[in-house]
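Trainee: I'd like a close look at a single part of this one. Could you walk me through it slowly?

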Amino acid sequence: YRDDDDINDVASMAGVNLSEESARIMATNSDLVGTQLQSCKDEPFLAAVPLHKRILETAKKLGITDVPAEVVTFISHATQSRLRTVIEKVTVITQHRMESYKDDEWYEQATDVRSQLKFFEQLERLEKQRKDEQEREILLKAAKSRSRQEDPEQARLKQKAKEMQQQELAQMRQRDANLTALAAIGPRKKRKLDSPGLLAVGGEGLGVCGGSQGGAGTPPSRQFARQKITRVNLRDFIFYLEQEPETSRSLLLYRALLK
């Protein structure tokens with residue numbers, strides 16, 4: 001009769017002896033037991049010799065004369081990890097800054113500062129144009145006056161009106177010359193991306209379609225999407241320094257604010 005432990009022992013019921021299997025595994029992989037495998041070489045992020053020199057200079061001030069190489073490697077890896085963390089956080093801040101909420105259904109536009117600025121610029125332009133027209137009328141009236149006894153102010157206005165007329169005549173001549181040149185060149189044609197004369201990216205690299213390398217009369221059919229580039233500016237980095245507790249009151253933040 002079997003005991004309850006023998007009935008619940010699935011390995012024994014399946015005919016597997018765990019002791020024999022363990023001994024066989026230990027005998028087969030005996031050279032790998034107790035060893036440490038590493039997929040790649042442990043290379044420091046920073047240059048070891050200058051970093052070791054800087055650490056020794058700092059350690060001598062604290063009364064330490066010897067710094068082993070393991071400490072240099074550890075500090076190099078810590079610097080790499082810290083730099084990776086900073087870059088990741090600043091990248092997230094930049095992406096949030098560049099994110100647009102115009103097409104989001106949960107947001108509605110309350111004010112449009114850009115349109116308001118354009119409106120004010122247009123008002124200033126119209127006011128300047130009105131003042132220029134008034135000054136032009138005054139100068140034209142002064143130029144048409146036939147008074148025999150002219151004061152110096154009247155002579156100055158006539159001279160200014162003459163210069164204004166010459167400047168307007170030069171602008172009209174330049175505009176006519178530009179129109180004539182554009183008419184001689186003809187209408188501008190847009191460049192086609194699939195035209196056989198453009199550079200195409202293929203399996204072999206860059207080649208000109210229709211030549212000896214790109215094949216005769218075979219326009220490129222693939223369209224490669226442009227890689228989106230995240231550009232981090234000083235404002236994003238300052239915002240990161242302000243949010244971090246260890247750098248919110250640091251000298252580095254004050255120096256960044258002064259730039």
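Trainee: Which residues make up the largest nonpolar core?

Mentor: Quick ground rules before the tour. This is a predicted model, where local features need pLDDT of at least 70, side-chain atom pairs count only at pLDDT 80 or more, and totals for chains, interfaces and linings use all residues. Residues are numbered from 1 along each chain as its sequence is written, and side-chain values use heavy atoms, with hydrogens and water left out.

Now the core. Its eight residues are Val86, Val90, Ile93, Ile238, Tyr240, Leu241, Leu253 and Ala256. A nonpolar core here is a set of buried Ala, Val, Leu, Ile, Met, Phe, Trp, Tyr and Cys residues joined through side-chain atoms within 4.5 Å; buried means under 20% relative accessible area, exposed over 50%, and partly exposed in between, with a 1.4 Å probe and protein chains only. The elements giving two or more residues to this core are α5, α8 and α9. Helices are DSSP runs of H or I, at least four residues, numbered from the N terminus.

Take α5 (residues 69-98) to begin with. In this helix Val72, Ser76, Val86, Val90, Ile93 and Thr94 are buried, and their cover includes α4 (48-61) and α8. Leaving aside neighbours within four places in sequence, Val90 is in contact (heavy atoms within 4.5 Å) with Val232, Asp236, Phe237 and Tyr240.

Tyr240 is buried at 2% relative accessibility, while Phe237 is partly exposed at 26%. They sit three residues apart in α8, so about one helical turn separates them.

Beyond its neighbours within four places in sequence, Thr247 touches Tyr240, Leu241 and Leu253. A polar atom of the Thr247 side chain is also 2.9 Å from the backbone oxygen of Leu241.

Arg82 and Glu246 form a salt bridge, 3.5 Å from N to O; the term covers a side-chain nitrogen of Lys or Arg within 4 Å of a carboxyl oxygen of Asp or Glu. The pair links distant parts of the chain, with Arg82 in α5 and Glu246 in the loop between α8 and α9, 164 residues apart. Arg82 is partly exposed at 37% relative accessibility, and Glu246 is partly exposed at 48%.

Notes
Polar contact = N/O pair within 3.5 Å; in protein donor to acceptor, adjacent residues only side chain to side chain.
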